[in-house]
Amino acid sequence: MEKVLSIQGISKRYGRIQAVNGLFLEISRGQVFGLLGPNGSGKTTTLSILLDLVRNDSGSFEWFGEPPSKESRKRIGSVIESPNFFPYLSAVRNLRIVADIKGKPYDDIDEALTLTGLYDRRNDRFKTYSFGMKQRLAVASALLGNPDVLILDEPTNGLDPQGIAQMRDLIRMIAQKGITIVLASHLLDEVQKICTHVAVLRKGIKLFDGEVSEVLAVSELVEVSSENMEALKEAISGHAEYKSLTRSEDKWLVYFKNPVRPGELNEYMHRKGIVLTHLSERKRTLEQHFLELLNDNR
Ligand code: ATP
């Protein structure tokens with residue numbers, strides 16, 4: 001698949017704070033790529049570096065297989081900060097001003113307004129818009145000039161539930177048009193619902209990346225119980241793939257380093273003289289994976 005973005009070990013330090021720490025990433029055409037991490041994990045700094053708003057201390061990145069340039073920058077639309085439009089001007093007038101500044105024709109304005117659901121309100125003043133409409137106008141403005149990539153920083157921040165749903169639908173529609181999307185979010189649920197791929201960041205370090213569907217399918221988690229829970233714990237912690245366990249009511253939740261087949265586990269326990277009264281595989285959600293990764297790297 002065609003590479004849209006390739007990041008090779010970028011880092012950025014602000015005084016004592018290492019905001020981004022040796023980040024590597026590959027993003028291909030058509031992906032909806034989520035940078036997921038808690039506040040302060042370096043998401044905004046990363047996006048700002050990719051947009052040449054902040055200079056990285058080391059490492060490099062390529063857009064569309066080439067070092068960043070004015071030309072590549074023209075192929076990228078972004079919404080990084082709160083929208084800044086003229087309050088007394090309509091959406092159309094505001095977008096014309098944006099088009100003038102960007103040196104783009106007015107041709108895309110109607111389509112951008114239609115896609116973002118603002119066409120019927122296009123002649124109303126910006127100041128009469130709801131917060132959700134303002135955010136969507138910012139997306140419309142980023143879409144002027146038909147970019148190949150759209151970068152969004154925390155696209156649903158501050159929106160009410162209806163606004164969140166509308167923004168999610170909008171992002172999906174934009175992705176369907178073939179525009180590659182890179183978004184930052186601290187909300188796991190959001191990334192699960194919108195993104196095809198994810199990279200989990202913590203304190204500027206990438207902990208994990210992959211396809212969201214793959215991460216959802218991870219299943220190295222098994223539930224077990226027996227008459228003697230302590231003997232079971234001791235036996236299972238000797239298994240070659242054993243990683244950790246936690247108690248969940250009357251069962252042990254056991255994490256393995258790699259998937260272990262239930263039949264094989266049953267046999268292993270049998271050899272250790274333990275009769276299992278319960279054995280079942282559990283699909284791990286991205287949430288469990290995310291929390292575990294954050295704990296592992298504390
Ligand atoms: P948030 O969602 O809270 O913005 P984030 O994951 O986007 O979090 P960044 O905004 O990239 O994270 O910040 C990463 C770290 O760098 C934080 O500790 C932040 O305080 C620090 N930082 C970011 N910008 C600056 C700056 N201009 N000067 C000093 N420190 C900064």
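This is a predicted model: local features need pLDDT of at least 70, side-chain atom pairs count only at pLDDT 80 or more; totals for chains, interfaces and linings use all residues.
Helices, taken as H or I runs of at least four residues, and strands, taken as E runs of at least two, are DSSP runs numbered from the N terminus.

**The largest pocket**

The largest pocket has a volume of about 830 Å³. Its lining comprises 28 residues, of which Arg 73, Ser 78, Val 98, Lys 102 and Ser 141 are the closest to the pocket centre. Four elements, namely helix 2 (70–74), strand 5 (76–79), helix 3 (91–102) and helix 5 (131–143), each supply at least two residues of this lining, and helix 3 gives the most, with five residues. By class, the lining of the largest pocket divides into 15 nonpolar, six polar and seven charged residues.

**The second largest pocket**

For the second largest pocket, the volume is about 200 Å³. Here 14 residues form the lining, and those closest to the centre are Glu 81, Ser 82, Gln 135, Asp 153 and Glu 154. Helix 5 and strand 6 (149–153) each supply at least two of the lining residues of this second pocket, with helix 5 providing the largest share, three residues. The classes represented in the lining of the second largest pocket are eight nonpolar, three polar and three charged residues.

**The ligand site**

The ligand is surrounded by Tyr 14, Ile 17, Ala 19, Pro 38, Asn 39, Gly 40, Ser 41, Gly 42, Lys 43, Thr 44, Thr 45 and Glu 154. Glu 154, listed in this shell, is also one of the residues closest to the centre of the second largest pocket. Strand 2 (17–28) and helix 1 (43–50) each supply at least two residues of the shell, and the largest share, three residues, comes from helix 1. The shell divides into four nonpolar, six polar and two charged residues.

| Residue | Protein atom | Distance to a ligand oxygen atom |
|---|---|---|
| Ser 41 | backbone N or O atom | 3.0 Å |
| Gly 42 | polar backbone atom | 3.0 Å |
| Thr 44 | polar side-chain atom | 2.6 Å |

Taken alone, the ligand exposes 620 Å², and the protein buries 60% of that area.

**Two residues with positive phi**

Asp 52 has a positive phi of about 60° and lies in the loop between helix 1 and strand 4 (58–63). Phe 64, for its part, has a positive phi of about 55° and is found in the loop between strand 4 and helix 2.

Phe 64, by contrast, has a relative accessibility of 14%, which is under the 20% limit, and so Phe 64 counts as buried.

Definitions and conventions. Residues are numbered from 1 along each chain as its sequence is written. Side-chain values use heavy atoms; hydrogens and water are left out. On a 1 Å grid over the protein atoms alone, a cavity is a set of points where a 1.4 Å probe fits but cannot get out, and a pocket is an open set with protein on both sides within 12 Å along at least five of seven lines; lining residues have an atom within 4 Å of a point. Grid points are joined across faces, edges and corners, and a volume is the space filled by probe spheres set on the points. Ala, Val, Leu, Ile, Met, Phe, Trp, Tyr, Cys and Pro count as nonpolar, Asp, Glu, Lys and Arg as charged, and the others, Gly among them, as polar. A residue is near a molecule or strand if one of its heavy atoms lies within 4 Å of it. A polar contact is a pair of N or O atoms within 3.5 Å; within protein, one must be able to donate a hydrogen and the other to accept it, and residues adjacent in sequence count only if both atoms are side-chain atoms. Accessible areas come from the Shrake-Rupley method with a 1.4 Å probe; for residues, only the protein chains shown count as cover. Buried means under 20% relative accessible area, exposed over 50%, partly exposed in between (1.4 Å probe, protein chains only).
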